[in-house]
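Hello,

Here is the structure I promised to pass on to you. Have a look at it first, and then read my notes below.

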Amino acid sequence: MLTRRRFLVVGVAGVAVLAATRMLERPAGAPSPALRFLGRDSAAIMGALVPVVLAGAIPAHGAGRDAAVREVVEAFDRAISGLAPAVRGEIDELLGLLRFAPSRYVLTGVGAPLEEAGEARIAQFLSRWRESRFDLLRAGYQALTQLIQASWYGNAASWPAIGYPGPPKVAS
């Protein structure tokens, strides 16, 4: 049972973990020239998540897959850069937790950087987050997966596979 005291202890512990992560975290990497919000390390994390979240929707191998992942990461970046500063900050904190090895291991069970972890390990941690009893992990799962999915299905390259003919043409 969640008592008031337990709630306060968990809240203080959460703040302490976030503060420690912020202080100890390595920088996010230089921004990529093609991206507005994501640094190199965060873009690499997103590049590792995209094939798992979109399994079966993007090409399985080769240059088509690489292009699709790159397009989704760029669209994710554009979407995030258009959000309110507070929301961008929360997403940056989430990506910071995934960049920082100790917090990544505690929250995901993955010790290696996500871009080196392999799709099976990423799928396992995403599944755990989706089914977690903690609202914060479920919210993190929803934020990442829904933004990735919106970034892909907002791309005209994905429309033929789902039978969407595209937006209606407006007569001029």
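**Salt bridges and a helix**

Asp135 and Arg138 join their side chains in a salt bridge, at 2.2 Å from N to O. Both residues belong to helix H8, where they sit three residues apart, about one turn of the helix. Asp135 is exposed, at 55% relative accessibility, while Arg138 is partly exposed at 27%. Please keep in mind that this is a predicted model.

How many salt bridges does the structure hold? There are four, and here are two others from that set:

- Glu131 pairs with Arg130 through their side chains, at 3.0 Å from N to O. Glu131 is exposed, with a relative accessible area of 57%, and Arg130 is partly exposed at 39%.
- Asp92 and Arg99 form a salt bridge at 3.8 Å, N to O. Here Asp92 is partly exposed, at 22% relative accessibility, whereas Arg99 is buried at 5%.

Among the buried ones are Asp41, Ile45, Met46, Leu49 and Pro51. What covers them? The cover over the buried residues of H2 includes helices H3, H4, H6, H7 and H8. Helix H8 is also where you will find Asp135 and Arg138.

Enjoy exploring!

Best wishes

Terms used
Residues numbered from 1 in each chain as written. Predicted model: local features only at pLDDT ≥ 70, side-chain atom pairs only at ≥ 80, totals over all residues. Heavy atoms only, no water. Buried < 20%, exposed > 50% of the residue type's maximum accessible area, 1.4 Å probe, protein only. Helix = DSSP H or I, 4+ residues; strand = E, 2+ residues; numbered from the N terminus. Contact = heavy atoms within 4.5 Å.
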